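Reader: Hi, I'm new to this one. Can you walk me through it?
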Amino acid sequence: MDMKRDYYEDVQFFTSGAITFWLSTLVIGLTLFPFVAKNYYVYVANYMAINVIVVIGLNLLVGYTGQISMGHAGFFAIGAYGTVALMTHAHFPFLLALPVAGLIAAGFGFLLGLPALRLEGPYLAIATLGFGITITQIIGKIKILGERQGLHAPELTIGPWHLNTDRDFYFLLIPITIFLAVLARNLVHTKVGRAFIAIRDADIAAETMGVNLTFYKTLAFAVSAFYAGVGGGLYAFVLRFIEPELFSLFMSVMFLTMAVVGGLGSMMGPIAGASLLALLDLQLRNILGIPYIGEWLEALSRNYFSITGVSNIQMIVFGSILIAIMLFEPLGIYGIWIRTKKYWKMWPY
Amino acid sequence: MIEFLQMVLSGIAVGSSYALMGLGMVLIYKASEVPNFVQGEMALLPVFIAYMLLSSYGLPYYIAFPVTLIFAFFLGGILEFAVLRRAKEPNVLGLIIITIGMEMLLLGFVSWKFGADQRAMPFPISSYDSIIIGDIFISTLDMLTLVVALFIMLILFLFFRFSKIGVAMKATQQNENAAALMGIKTNQIRMITWGISAAVGSVAGLLIAPVLMEPYMMWDPMLKGFAGAVVGGMTSLPGAVFGAYIVGVVEHLFGGYVSIEFKSVVAFVVIVLVLCFKPSGLFARHYVKKV
């Protein structure tokens with residue numbers, strides 16, 4: 001179907017007229033969105049974009065390099081605290097503090113990558129999970145990072161431009177997101193990306209072909225951590241207040257969930273998964289406000305369950321989605337898309 | 001010295017509940033090759049069932065607890081039969097995700113039903129009583145945990161050594177195809193393994209509940225049990241017990257001598273250190289991939 005005849009066809013960005021059309025529609029839509037949408041929905045879009053950034057990074061590690069990370073909330077926290085602390089204590093401008101915090105996170109990613117070289121499967125899962133939990137505990141004890149009380153994000157100014165509202169921040173966040181997405185997409189098509197894929201498919205074979213496992217595995221962790229760190233730095237300004245409890249194990253699990261639901265090892269999959277699940281996450285937080293279903297659930301909770309625990313329906317929904325995706329469509333949303341596309345291309349056969 | 005012994009003893013007592021969770025995880029890891037994140041919730045739901053039986057229906061302990069364990073057994077079996085077995089071409093990550101999904105589902109239901117408020121599990125032994133041996137204090141509940149854990153380990157040992165199902169389980173874990181050819185119903189065996197694992201975990205849950213009872217109560221023991229199992233090597237039952245005791249003791253010694261604040265995370269630092277030197281844990285033979 002999609003046969004690639006030479007290298008340039010493989011690395012080409014706009015592979016067909018249809019893709020050019022849809023991508024430009026997307027960009028125009030994203031530009032016009034804050035002018036037509038309500039304030040709350042701009043906030044929702046910001047929240048989605050943050051998740052997209054982190055999940056793209058996580059997908060480079062999990063989907064392309066085949067490593068498991070259950071500690072991305074740790075990198076996310078490092079990025080968030082790093083950015084805010086650099087801005088308030090070292091008086092860095094935002095556009096410098098953000099990449100520096102990302103690089104700090106990448107440094108931690110490199111460090112975590114070192115033991116990960118020898119680990120796989122459950123051992124890697126528990127090591128990364130332990131890292132995520134430990135980092136937030138340590139951050140919660142450091143004085144200049146606000147300890148348990150958390151930190152307020154400082155006023156955000158870039159040159160003459162004051163970003164006070166969600167709408168202003170949107171115009172900073174969306175270009176960064178698009179830039180990072182394109183960067184990841186291009187990275188996958190370089191020597192580095194192909195080394196990642198080779199390691200995922202067969203690490204021993206890759207090593208015999210001359211892929212330096214030590215270098216590329218730690219690089220994958222570092223790049224992935226950089227994305228999470230940048231996402232965290234931006235997240236601090238979406239929420240405007242960060243505290244250690246935000247960056248829990250549940251958050252790491254949510255990132256992994258988004259990557260898996262979207263479809264590992266593809267570019268559009270994690271973007272779709274992160275956007276959809278982030279949207280669902282925000283919508284389910286006030287589940288009782290949904291018409292009809294909300295009233296029915298409220299009655300159900302009063303009669304058979306407890307009204308204080310009604311927010312936990314969110315967990316039930318996410319759990320069911322995870323199980324359903326893994327049982328019926330292990331490739332996630334991307335797999336569904338591929339199947340649909342194939343069906344219509346071959347139709348009526 | 002007394003202080004040291006006191007801490008070691010408390011560490012061993014806490015380690016006992018970790019050991020039970022770790023045993024459950026290792027049992028499942030050997031049967032289905034998945035780190036079982038639903039282990040904690042497979043114990044949580046039965047504990048809340050026990051709470052309902054005791055407080056709402058007023059059943060006596062000697063009926064409620066066995067009913068709970070039987071329920072746990074069936075819960076574990078059903079999860080394996082209805083969910084895990086249905087996975088198409090599973091890889092490690094896929095299976096982990098499925099167990100996380102089941103974990104969220106069960107945790108969601110339990111916290112929807114019972115809300116987030118603290119409850120007190122009625123229990124025959126008060127958690128405030130303690131025994132004094134020489135100069136060392138140990139609470140009666142901790143003592144009971146220790147004894148029950150050792151008793152369950154003994155039963156599991158005898159079960160795997162002498163019972164037909166136990167031997168069949170070991171055979172399935174060693175070589176599934178050969179076991180199936182010998183007439184062992186490997187699917188059934190795997191279901192029973194999950195059931196046993198859930199029951200073992202529920203015992204730990206029932207022993208934790210008198211002190212702490214809320215929907216997130218099993219998180220910490222589950223992670224620590226997992227950590228202990230990884231230290232011990234994930235495929236070795238004695239290793240899991242030993243690893244869990246190490247985690248418990250190190251945690252208490254660290255809390256006593258170095259810093260009480262970082263007590264809960266030291267376990268993870270220990271496992272990262274152990275894994276740096278022994279990537280497959282202390283007791284497992286290092287797995288070498290055949291090319």
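Author: In chain A, 77% of the contacts with a separation of 6 or more join residues 24 or more positions apart. Two residues are in contact if their C-beta atoms, placed from the backbone, lie within 7 Å. This is a predicted model: local features need pLDDT of at least 70, side-chain atom pairs count only at pLDDT 80 or more, and totals for chains, interfaces and linings use all residues. Residues are numbered from 1 along each chain as its sequence is written, with chains lettered from A and ligands numbered from 1 in the order written.

Reader: How many helices and strands does chain A have?

Author: 15 helices and 4 strands. These are DSSP runs, numbered from the N terminus: helices are H or I, at least four residues, and strands are E, at least two.

Reader: OK, helices. At what angle do α12(A) and α15(A) pack?

Author: About 120°, with their axes 7 Å apart. Axes are lines fitted to C-alpha atoms, for helices over the stretch in contact, and angles run from 0 to 180 degrees between N-to-C directions.

Reader: Which residues of α12(A) and α15(A) meet?

Author: Met268(A), Gly269(A), Ala272(A) and Gly273(A) of α12(A) meet Gly332(A), Ile333(A) and Tyr334(A) of α15(A).

Reader: New topic. How many residues does each chain put into the contact between chain A and chain B?

Author: Chain A gives 36 residues and chain B gives 45 residues. On the chain A side, α6 (122-139), α11 (249-262) and α14 (313-328) each supply at least two residues. α14(A) gives the most, with 10 residues.

Reader: And the box around chain A?

Author: Its C-alpha atoms fill roughly 55 × 50 × 45 Å, along the principal axes.
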